[in-house]
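Let me put the structure up, and then I'll walk you through a few spots in it.

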Amino acid sequence: MSLEDAKTQIDHAFTREDFKGPSFENVFAGAASFLRRKYSKALSGVDIAVTGLPFDQAVTNRPGTRLGPRAIREASLLQPCDAPYGWGYDVLSEFAIADYGDMAFDYARPDLIQTNVQEHIAGILAQGAACVALGGDHSVTHGALRAHAEKHGPLSVIQFDAHTDTWEDDDTTRVDHGTFMYKAAKEGIVVPERSAQIGIRTDNPDPIGFNILDARQVHREGPEAIAARVKEIVGDNPVYLTFDIDALDPAFAPGTGTPVWGGLTSHQAAVCLRELAGIHLVGGDVVEVSPPFDTTGATAVAAAHVATELLCLWGWTRR
C-alpha cells in the first residue's frame, strides 16, 4: 500500500486489499492489528498468521496476561513502516502476513484450554499458513506445540525464559504455566536433547534432558556464541521458538507475572534472535506480557519486537 493510497483509506487492518507491503497510517489511530496487517480468518494465499491467545488462568503469581495480545498489537504500531532493521530483506513485503485475531474460548472452562489452543492453531496450519502467537500465560504454548507436532512431528524447542517450566506434573487434568514443558516432553511432542532453554536463572533439580544455557552463560559468552551453540543443538530439526518475556531482566520487561533479576538485556535478546537465522523455524510465540504491571509499556514494546523477529526468522529460509 503506497503513501498516496493510504491518504484515501483508514483502518488498514480492514481496508487494505492485500496482505503484503508497508502500511502508512497514524500510529495513534485506527484498528490496532499487529503491524497494521489485515485482519482475516480466511488465510488463502497467506504465508503466516499472527494470533492472540488471551488466557492467564494457569499462572502461579500475578495475572493479567489475558490482556497481553491487545497490548502487544498496540505496541507493534510504534515500529516503523520500513523493513525490520538489519535483516537485509523486508518480511512485510515479501510474505503475505495476516492478523487472525484472538482465540475464542469459554473463560470458565480452563480445563478445555489446551484443546482450545490446539484446535485454534491447527485451524491456521490447516489453511496452509504458519503461525506466530501472542500470549497469554506460558501454558498456552502446550496446545501450540501439540498442533505443530501434529503437522511437523516431534519438535526442537528454543525457549527464552527465566524458568525451565519442567516441574514434574503427571496430572493430565491440570493446566500450569510452570509444568507444560515437562508434559510436552513426556508426550513426545518435543525432543529435549535437541532443544535449548536460554536465560534460565531459577533452580530446577531435573532438567529432563533439555540443554540449558542460563543467563550467566549468556552474559559471560555473549549472544552470538549462545546462538551458535543453539544452532548446533537443534540442527535441521523443525523448531518451535517460545519467548517468555521474563527471559528479559525486569529492568527491560517489568510487566510480567514472575519477574527474576539477572536476566537478558534487550540487546542480548535481539542479537541472539537475529543470529539464529537459518534454523528451520515452523512456528513460535511470545508470552507472559502482563499490562497491569507494565506501567511504561516497555514490556509490550519488547514483545512486539520479539514477534516481529519471529516473522523475520521464519521468512529467512523461505525467501
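Let's start with two helices, H3 and H11: their axes come within 8 Å and cross at roughly 75°. Anything from 65 to 115 degrees gets called roughly perpendicular, so that's the label for H3 and H11. And before I go on, keep in mind that this is a predicted model.

So who's touching whom there? From H3 you've got Ala71, Ile72, Ala75 and Ser76, and they meet Ala300, Val301, Ala303 and Ala304 in H11. Sort that contact by class and you get seven nonpolar residues, one polar and no charged ones.

A bit more on H11. Helix H11 covers residues 298-316, so 19 residues, and reaches 27 Å from its first C-alpha to its last, close to the 27 Å expected at 1.5 Å a residue. H11 is also mostly covered, with 15 of its 19 residues buried.

Okay, on to the sheet. What's the strand order? Reading across, it goes E1-E3-E2-E4-E9-E8-E5-E6-E7, an open sheet of nine strands with parallel pairing. At the edges sit E1, residues 38-39, and E7, residues 211-213, and each of those pairs on one side only. Our friend H3, residues 68-76, packs on this sheet too: it touches E1, E2 (48-53), E3 (97-102), E4 (130-135) and E9 (280-287), and its direction makes about 110° with that of E4.

Let me zoom in on E9. Seven of the eight residues in E9 are buried. On one pairing, E4 and E9 run parallel and are joined by four bridges, with Val132 partnered to Gly284 in E9. On another, seven bridges join E8, residues 238-244, to E9, parallel again, and there Val239 stands opposite Leu281. Further along, E5 (residues 156-160) and E6 (residues 196-198) run parallel with three bridges between them, and Gln159 stands opposite Gln197 in E6.

As background, most residues other than glycine have a negative phi, and most peptide bonds are trans. Where's the cis one here? It joins Gly135 and Gly136, with omega about 15°. Gly136 is in the loop between E4 and helix H6, which is 140-152.

Leu35 has a phi of about 55°, and you'll find Leu35 in the loop between helix H2 (12-15) and E1. Glu288 has a phi of about 70°, and Glu288 is in the loop between E9 and H11. Are these two buried or exposed? The cut-off for buried is under 20% relative accessible area. Leu35 comes in at 9%, so it's buried, and Glu288, at 3%, is buried as well.

Last stop, Pro192, in the loop between helix H7 (180-187) and E6. Pro192 has 11% relative accessibility, so it counts as buried too. What does it contact, leaving aside neighbours within four places in sequence? That would be Ala185, Ile208, Gly209, Phe210 and Asn211. And the C-alpha atoms of Pro192 and Ser156 are separated by 7.1 Å, with the two residues 36 apart along the chain.

That's my tour. Happy to go back to any of these spots on the screen.

Definitions and conventions:
Residues numbered from 1 in each chain as written. Predicted model: local features only at pLDDT ≥ 70, side-chain atom pairs only at ≥ 80, totals over all residues. Heavy atoms only, no water. Pairing = 2+ DSSP bridges. Contact = heavy atoms within 4.5 Å. Axes fitted to C-alpha atoms, helices over the stretch in contact; angles between N-to-C directions. Buried < 20%, exposed > 50% of the residue type's maximum accessible area, 1.4 Å probe, protein only. Parallel < 35°, antiparallel > 145°, perpendicular 65-115°, else oblique. Nonpolar A, V, L, I, M, F, W, Y, C, P; charged D, E, K, R; others polar.
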